[in-house]
Amino acid sequence: MTSVLSWTGYLTLLMFLPVHYLTHRVYPTIPVAPIHAFGPAELDYEFVKTGLQTWPLRSWLLYIGLVGCVALHAVEGIRIITATQFGEAVVPKNKRKLVSFVMGVPALAGLFFISRETVWALTSSVESYVAAFSRSVVYRIL
């Protein structure tokens, strides 16, 4: 049977992290129209807001998956390391989901409040943001 540590690690490494990295770092730097390679200074919360408001369901699923897998992976790793080193896990097995939830709440709460704000980017910037998101197969589906 595969462990929680393995599942969350592989899901993050093979699915959530590549989609996030490509969408937020690689695709926005493509120098073709209509993206025109906007730089790191232009990749602010307006980019994130545009994604959350244009594709709310898939953006939320991806962010919740990324934050959830990373938090659960961290908690499970800490649990295993402390059990190995000290003979007793810091986080009991039946509390790992609760601790992971508590760890993920600040990031997801921040995203929630960002998603409720009005997009203040220029129309041309929003078009570039949408084009950058649309490079990802995840955001092109339906």
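Residues 24 or more positions apart account for 73% of the contacts (heavy atoms within 4.5 Å) in the protein chain with a separation of 6 or more. The model is predicted: local features need pLDDT of at least 70 and side-chain atom pairs pLDDT 80 or more, whereas totals for chains, interfaces and linings use all residues. Numbering runs from 1 along each chain as its sequence is written, and side-chain values use heavy atoms, with hydrogens and water left out.

The secondary structure comprises 6 helices and 0 strands, in the order α-α-α-α-α-α along the sequence. Helices are DSSP runs of H or I with at least four residues, strands are runs of E with at least two, and both are numbered from the N terminus.

Values for the whole protein chain are as follows.

| Property | Value |
|---|---|
| Box of C-alpha atoms along the principal axes | roughly 60 × 30 × 25 Å |
| Buried share of the 142 residues | 35% |

Buried denotes under 20% relative accessible area, computed with a 1.4 Å probe on protein chains only.

Helix H1 spans residues 4–26 and has a kink of about 45 degrees centred on threonine 12; the bend is the angle between axes fitted to the seven residues ending at a residue and the seven starting there. Thr12 is also one of the buried residues of H1, which include Thr8, Gly9, Phe16 and Val19. The buried residues of H1 pack against helices H2 (45–54), H3 (56–86), H5 (123–134) and H6 (137–140).

Notes
Buried < 20%, exposed > 50% of the residue type's maximum accessible area, 1.4 Å probe, protein only.
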